[in-house]
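Here's a quick briefing to read alongside the coordinates.

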Amino acid sequence: MVYPRNEWYVACFEDELDAGAPVSTQVLGSWLVLWRAGKSVVAMDDRCVHRAARLSQGRCEGDSLRCMYHGLRYDAVGKVVEIPGQDLIPESARVRTYAVEVRCGWIWVWMGNPAEADRGRLPNLPDQVSLSDFITGAGALDFSAEARLISDNLLDFSHLAFVHASSFGADLAWAHTPMKATLLERGVRAERWIENSSGPAFLNLSDTCDEWLGYDYLVPGVLVMLNGVFPKGTAELSGFRKPDLSLAIGGLALNVQAVTPKTERTARYYFLTGPHRNFGDEASRDAMVAINHQAFAEDKLMIEGQQIILDATPELTLMPTIHDRGITMYNRLMDRLSMIAEPL
Ligand code: FES
Ligand SMILES: [Fe+2]
């Protein structure tokens, strides 16, 4: 499988760097070390130029990182600035560094040429909201499966009815009414209204309501989703598209997820979730994080099972259903981008 290098991938949580020690992570097959040089975050190859020791086993020293094998010291642009016992430092004594951004509490790394890093490609939150409007929590799960299977999962919510009946309490309607899928320049938009619903049990509504859920699934594997409960009639009033969020009467929540391919057959799935401040608190946030952990463990079981079968039967042809429209759109987009990518 190939993945585009000229994209932003989540490499780790921002707070993993708070301990002042370097952090090791793997993205698109490359081992990276992330560390803080003063206020800025540095991502570079996790490999000392001397004898290939892991720099993530090194020590942060102010604005530099020391390899703890024989003590070579690196600055924030990956250049060796000290070789204990040797005055001359070769010009070539440097490791590759990567462009880095911090967003949603995650460190995003541009895996291509840093000079080409396009900050316009970082995912934005939807119009009408900012992160501080929500009380969020986060988590991550490691998958023994290729990232694309997780993307397929996130582009077809009909699985909610079967995989997440207990965790999310999803009913069969998820499998009977496909979401509306629209191709975007860099992803797929999925939208769903349920009119005249009795609403989630925790809201205890006296009247029926309209429920909204909409998300963008963006290259190279980022989901940005809002959902909420609105007064009856809002679906029609909104032309069955995204509603005015100020009309929400409950359950307004944000979900952001990012799938990072670690290797051909492993991936890390990051998630952030939480209620809008007007409709929840820390306790409801914690409950949402716990349910997400439970639900994504259900996905993991299904997806790792698929990977075993796909590996055992590489000649297999898969049979799409009506629910696969979004998957087909997204995978075509990824195939087009990956044609110019190097294999992992
Ligand atoms: S391997 Fe890093 S200093 Fe020797
Ligand atoms: Fe799922």
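Ile-308, Ile-309, Leu-316 and Leu-318 make a nonpolar surface patch of about 420 Å². Patch members have over 30% relative accessible area and no salt bridge, and nonpolar side chains (Val, Leu, Ile, Met, Phe, Trp, Tyr) are joined within 5 Å; a salt bridge is a Lys or Arg side-chain nitrogen within 4 Å of an Asp or Glu carboxyl oxygen. Areas are Shrake-Rupley with a 1.4 Å probe, and for residues only the protein chains shown count as cover.

The model is predicted: local features need pLDDT of at least 70, side-chain atom pairs pLDDT 80 or more, while totals for chains, interfaces and linings use all residues. Residues are numbered from 1 along each chain as its sequence is written, and side-chain values use heavy atoms, without hydrogens and water.

**Leu-318**
- Leu-318 sits in the loop between helix 5 (282–312) and helix 6 (325–338); helices (H or I, at least four residues) and strands (E, at least two) are DSSP runs numbered from the N terminus.
- Leu-318 counts as exposed because its relative accessibility is 61%, and exposed means over 50%.

- Seven strands form an open antiparallel sheet, ordered 11-17-16-15-14-13-12; pairing takes at least two DSSP bridges.
- Strand 11 (137–143) and strand 12 (180–184) are the edges, each pairing on one side only.
- Ten bridges join strand 16 (residues 250–263) to strand 17 (residues 266–275), with Pro-261 opposite Ala-267.

**Packing on the sheet**
- Helix 5 touches strand 11, strand 16 and strand 17 (contact: heavy atoms within 4.5 Å).
- Helix 1 (residues 147–154) also packs on the sheet, with strand 14 (209–218) and strand 15 (222–231) among the strands touched.

Key:
Chains are lettered from A and ligands numbered from 1 in the order in which they are written. Patches are made of residues with over 30% relative accessible area and no salt bridge: like charges are joined within 9 Å, nonpolar side chains (Val, Leu, Ile, Met, Phe, Trp, Tyr) within 5 Å. Buried means under 20% relative accessible area, exposed over 50%, partly exposed in between (1.4 Å probe, protein chains only). Axes are lines fitted to C-alpha atoms, for helices over the stretch in contact, and angles run from 0 to 180 degrees between N-to-C directions.
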